[in-house]
Amino acid sequence: MSAGFSPPIRTPFFYGWVVIAVAFITIGIAVNTRTAFSLLYPPILAEFGWDRGVTAGAFSVGFIASTAAVPFIGMIIDRTGPRYIMSAAALLVAGGLWGVTQISTPIGLYLTIGLLTVGGSIPMTYIGHSMFLPNWFVRKRGLAIGIAFSGVGIFSIFMFPVLQAVIERSGWRTACLALAVIIVGVLIPLNLFLQRGKPENVGLEPDGDIDGKARTPTAKSAPVIVDEEWAARDWTLTSAMRTTRFWWLAGAYFFGLVAWYSVQVHQTRYLIDSGFGQTEAAFALGLVGLTGVVGQIGIGAISDRIGREWAFTLAMAGFVICYATLIAIGHFPSRTLMYLMVGAQGLLGYGLASLFGPIPAEIFAGKRVGTIIGALSIFANLGAGLGPWAFGVVYDKTGSYEPAFVATLMLCFLSIMLIWAAAPRKVRLITTG
């Protein structure tokens, strides 16, 4: 147990909900800070006149550069918990936001907003939290993580309009400095003093159970073990990588995040190009996050009832609808289509985040699950990084986003096929009672 820290154990209070609350705030601020690149993108293009592929590449560089560090992040969280690495990440992100205000070349953009802000944010975003939040819940794991991740939507609905207003009135540099102050002033103390990685670190058990027994007689059962031999193994990264399931998951996550982050980075610019105003385009980005609250909680809860594969399919179907609608907007721009695109992303697509941790946590359960999720995150990061860059290059070469939209729509179906091949239900089967 941590020195000087004694949460109540045999009371109705379960400290896991403090962990979820801290994650809710941290993810809400950190992910939206990274997503704000979509708002910074137009004024940076306007000021410097760089190619879209070159400018969007800064976002990609951050993800790709952080790829090498992700497995080590998992190892650190497995061994020491998330407190210190979250605080260090906050410093990096804030440093990048300050540094980007001093740039004059694409290299400066890549080193600051790319490497430090986007790359440094990884421990504080979905990937980092997916490495330890599953430790706190077994029953209703998807719902609990969905609640934590829904902070992205709650914060986005006011962060993006406010940031856009600051950009229009005081410039994009002022907006970056304001974000840096919030990150240092809020996220560092919050994580340093309150966040913990495992319930046993503070004398608790998952779900708030006492002595291995459910706290209430009505508590629902955990996922049922189907493959006892598989579930009994003490999985390490090496042994996990020797299985086809690991690689099916890696592929599913790679293509899933290509779909997610490509539209996230280019959506604002595309809507402006299609005739929507800058404020309306910024509102649409925030509305995606707000509807994502429903998506992340809802898809997470659904996955606790019908299984992770079906929930993953629903989430990716959201991106299928999203890209189909984006193609239609290019030919028939209308607010109806814009809001359909927004709803598909948020209500369904954003639910993907609530599944990122539970799926490998149930397939490769054990003391090193954070390390394994970290390795899978390499492929997720590559997808999140390469997708936006590729979209920018396609636009620069063809003058249109449509070829990229069509290709990514097909990749969504491939991601669904791969998650069914990984078949988490054949290791642990989700039951409702």
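The largest cavity has a volume of about 90 Å³, in a model that is predicted. The count of cavities of 30 Å³ or more comes to one. Rolling a probe the size of a water molecule over the atoms shows where empty space is left. The residues that line the largest cavity are R34, F63, T125, Y126, I127, L257, W260, Y261, L352, A353 and F356. By class, nine of the lining residues are nonpolar, one is polar and one is charged. At least two lining residues are supplied by each of the helices α7 (126-130), α13 (244-273) and α17 (353-356), and the largest share, three residues, comes from α13.

Aromatic rings were examined next. The count of aromatic pairs comes to 27. Y253 and F356 form one of these pairs, which is stacked, with 4.3 Å from centre to centre and 25° between the planes. This pair links distant parts of the chain, since Y253 belongs to helix α13 and F356 to helix α17, 103 residues apart. Y253 has a relative accessibility of 3% and therefore counts as buried, and F356, with a relative accessible area of 7%, is likewise buried.

Because Y323 lies in helix α15 (residues 308-331) and F405 in helix α20 (residues 402-422), the pair ties together parts that are 82 residues apart in sequence. Y323 counts as buried because its relative accessibility is 0%, below the cut-off of 20%, and F405 counts as buried at 4% relative accessibility. Apart from these two pairs, Y126, F149, W260, Y261, F319 and Y350 are linked into a cluster by ring pairs.

The charged end of R233 sits over the ring of W235, at 4.3 Å from the ring centre. In another arrangement of this kind, the charged end of R245 sits over the ring of W230, at 4.5 Å from the ring centre.

Two individual residues complete the description. E280 is located in helix α14, which spans residues 278-306. With a relative accessible area of 18%, E280 falls under the 20% cut-off and is therefore buried. When residues up to four places away in sequence are not counted, E280 touches R335 and M338. A423, although not a glycine, has a positive phi of about 50°. Most residues other than glycine have a negative phi. The place of A423 is in the loop between α20 and β2 (428-429), and A423 counts as buried because its relative accessibility is 3%.

How values were computed:
Residues are numbered from 1 along each chain as its sequence is written. This is a predicted model: local features need pLDDT of at least 70, side-chain atom pairs count only at pLDDT 80 or more; totals for chains, interfaces and linings use all residues. Side-chain values use heavy atoms; hydrogens and water are left out. Helices (H or I, at least four residues) and strands (E, at least two) are DSSP runs, numbered from the N terminus. Buried means under 20% relative accessible area, exposed over 50%, partly exposed in between (1.4 Å probe, protein chains only). Contact means heavy atoms within 4.5 Å. On a 1 Å grid over the protein atoms alone, a cavity is a set of points where a 1.4 Å probe fits but cannot get out, and a pocket is an open set with protein on both sides within 12 Å along at least five of seven lines; lining residues have an atom within 4 Å of a point. Grid points are joined across faces, edges and corners, and a volume is the space filled by probe spheres set on the points. Ala, Val, Leu, Ile, Met, Phe, Trp, Tyr, Cys and Pro count as nonpolar, Asp, Glu, Lys and Arg as charged, and the others, Gly among them, as polar. Rings of Phe, Tyr and Trp (its six-membered ring) pair if their centres lie within 6.5 Å; planes under 30 degrees apart count as stacked, over 60 as edge-to-face and the rest as tilted. A charge sits over a ring if NZ of Lys or CZ of Arg is within 6 Å of the ring centre and within 35 degrees of the ring normal.
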